[in-house]
Amino acid sequence: MTEKQYDLIVLGAGPVGENVADYATKAGLTCVIVERELVGGDCSFWACIPSKALLRPPSARDAALRVAGSKQSVTGPLDVAAVLARRDSFVSDWDDTGSLPWLESAGIDLVRGHGRLTGVRTVEVTTDGGETVVLEARQAVAVCTGSEALIPHIPGLAEAKPWTSRNATSVKEVPESLAIIGGGVVAAEMATAFIALGSTVTVIARSGLLSGLEPFAGEAVMTRLRTDGATVLHGAPVGVSRDDDGRAVIELDSGETVTATEVLVATGRTPRTTDIGLETVGLTPGDWIDVDDSLRVDGVDGGWLYAAGDVNHRVLLTHQGKYQGRAAGKAIAARVTNPETVAEPWGDLAASADHERVPSVIFSEPQVATVGLTASAAEKAGYRTRVVDYDLGAVSGSGLHADGYEGHARMVVDEDRGVALGVTFVGQDVAELLHAATIAVVGEVPLTRLWHAVPAFPTMSEIWLRLLETYRTGE
Ligand SMILES: Cc1cc2nc3c(=O)[nH]c(=O)nc-3n(C[C@H](O)[C@H](O)[C@H](O)COP(=O)(O)OP(=O)(O)OC[C@H]3O[C@@H](n4cnc5c(N)ncnc54)[C@H](O)[C@@H]3O)c2cc1C
Ligand SMILES: NC(=O)c1ccc[n+]([C@@H]2O[C@H](COP(=O)([O-])OP(=O)(O)OC[C@H]3O[C@@H](n4cnc5c(N)ncnc54)[C@H](O)[C@@H]3O)[C@@H](O)[C@H]2O)c1
């Protein structure tokens, strides 16, 4: 048994754990990070990176096909083997050796193995070789263990050995057909990817596609999926089995049956907290971990426990988790000097934007880029709102970007303060329009001043001018 002491112990070397450790170390703390799989976490090896690596080649090919002149140069189908090989290179063939020099240069120690809290500021790690390493934190422990796919209780589903997003993003042999249970982000992106890779895709979306977003987003993605040959059903699965040929058979409450080579479960996430010793510090294993805006865990005496990233269920996105990681790292370090340090809203120690100002991009076809509140969420939150819509395809830059460009933009305005509460773009390559919207929403830029942020001609950003003109016309 080995015993070591550090200022901070971070459980989980995903993007979030890495940021907590980095920011605390930069502030002068000694830090160790515990990782049981790959340094870089799910995002690097099974989620963001491989999924986007699968989606980019068909998206680039589609873009070329939408411009007369370049269209004629696309003379063959998508090279699936090359797509998978490019994905493999982005995940370094699931080898994290490339991440280790960064940890070393940042001055962060690494212990490989499964970590569990064993009480106040202590963690025990069972290494792959079966050794036990006992770690003691002088200041804090940060839980950044992330989340994993939730397998719902549908009779026969678990026995039918469904795919999760990990199987989909690490696919080596593209199945002839794929049924996807769920209508959220994973379903939208993986349906887009597997249609392009050549599978026959059926999406079983009991409450429609992308239901938490502006309704036109899910409708546009659904229309495109259907145009590209997918079937989108609204029933709920009530039973799953494998037939004699090994194919998955999914029965729906509507009486319909879907048969496919594989079934992908995309019904949300569950926290990785079942076996991390939460019971030793008065918390419940298997629960999401509640935190305040400085990512400090609620209800733990002494305020030494932090939880950042997916595991706290505030926002399940890498960029927002990394933002939390920066705040947590700085808050932990600040409280070494002054334990009473308060995380002021919008200060460096608080993840204030988590509440109503989160940006996200869904890399489906078309893309969906959104920040802040939807019209219905803003109304529910009690704002006096005005909704401004504009046809993104009517902007000169869009027409130049792709022949017959189709897209839509919506800005939700807080009428009392004259600022944007939320913006949603749907269309080809709208991901790159998003950060301007994030600045407008997070910065609460008055629309009267935004008028003077003149978008360059002829870019798609002229959508801002059109949205503002439409808003002013309606005054
Ligand atoms: C298919 C898919 C695509 C996605 N695409 C995007 C995207 O494009 N953009 C985006 O912003 N978000 C995306 N997300 C969400 C994103 O992956 C997560 O929000 C992000 O990975 C969360 O980071 P994290 O560090 O909290 O957790 P993780 O990345 O899950 O890292 C947690 C780490 O902790 C380790 N760990 C867990 N328990 C222990 C333990 N007991 N001891 C030691 N180590 C432990 C794990 O092995 C893992 O390495 C996607 C998610 C999925 C499923
Ligand atoms: N581009 C990105 O940023 C990106 C990409 C993929 C995933 N993610 C993140 O990963 C998280 C997980 O994505 P997800 O798509 O798994 O979850 P989700 O919460 O987006 O969608 C879950 C879907 O499953 C459905 N569902 C839930 N239980 C069901 C059941 N028993 N039967 C049938 N349908 C059921 C829901 O109605 C919903 O449509 C998301 O929160 C998202 O933020 C982000």
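This is a predicted model: local features need pLDDT of at least 70, side-chain atom pairs count only at pLDDT 80 or more; totals for chains, interfaces and linings use all residues.

Student: How many residues surround ligand 1, and which are the closest?

Tutor: There are 36 around ligand 1, with Gly12, Gly14, Gly41, Gly146 and Gly309 the closest. Several elements give two or more residues to that shell, including helix H1 (15-26), strand S2 (31-35), helix H3 (48-65) and helix H9 (318-337).

Student: And what's the shell around ligand 1 like by class?

Tutor: It's 14 nonpolar, 15 polar and seven charged residues.

Student: OK, now ligand 2. Which residues are closest there?

Tutor: Pro152, Gly182, Gly183, Gly184 and Val186 are the closest of the 25 residues surrounding ligand 2. H7 has the largest share, at four residues.

Student: How does the shell around ligand 2 divide into nonpolar, polar and charged?

Tutor: You get 14 nonpolar, eight polar and three charged residues around ligand 2.

Student: Switching topic: what does the domain assignment give for the chain?

Tutor: Besides domain 1 (2-40 + 96-148 + 270-337) and domain 2 (158-267), the assignment has domain 3 (366-473). The centres of domain 2 and domain 3, taken over C-alpha atoms, are 31 Å apart. Eight residues from domain 2 and nine residues from domain 3 make up the contact.

Student: What's on the side of domain 2 that touches domain 3?

Tutor: On that side, domain 2 has six nonpolar residues, two charged ones and no polar ones.

Student: What about the largest nonpolar core? Which members touch the most others?

Tutor: That core has 145 residues, and Leu8, Ile9, Val10, Val141, Ala142, Ile180 and Val263 touch the most other members. Helix H7 (residues 185-197) comes up again, giving this core its largest share, ten residues.

Student: Take Val10, then. What does Val10 touch?

Tutor: Leaving out residues up to four places away in sequence, Val10 touches Gly17, Val20, Ala21, Cys31, Ile33, Val34, Ala142 and Cys144.

Terms used
Residues are numbered from 1 along each chain as its sequence is written. Chains are lettered from A and ligands numbered from 1 in the order in which they are written. A residue is near a molecule or strand if its C-beta atom, placed from the backbone, lies within 6 Å of it. Ala, Val, Leu, Ile, Met, Phe, Trp, Tyr, Cys and Pro count as nonpolar, Asp, Glu, Lys and Arg as charged, and the others, Gly among them, as polar. Domain bounds come from an automatic or database domain assignment. Two residues are in contact if their C-beta atoms, placed from the backbone, lie within 7 Å. A nonpolar core is a set of buried Ala, Val, Leu, Ile, Met, Phe, Trp, Tyr and Cys residues joined through C-beta atoms within 7 Å. A residue is buried if 20 or more other C-beta atoms lie within 10 Å of its own, exposed if 12 or fewer, and partly exposed in between; C-beta atoms are placed from the backbone.
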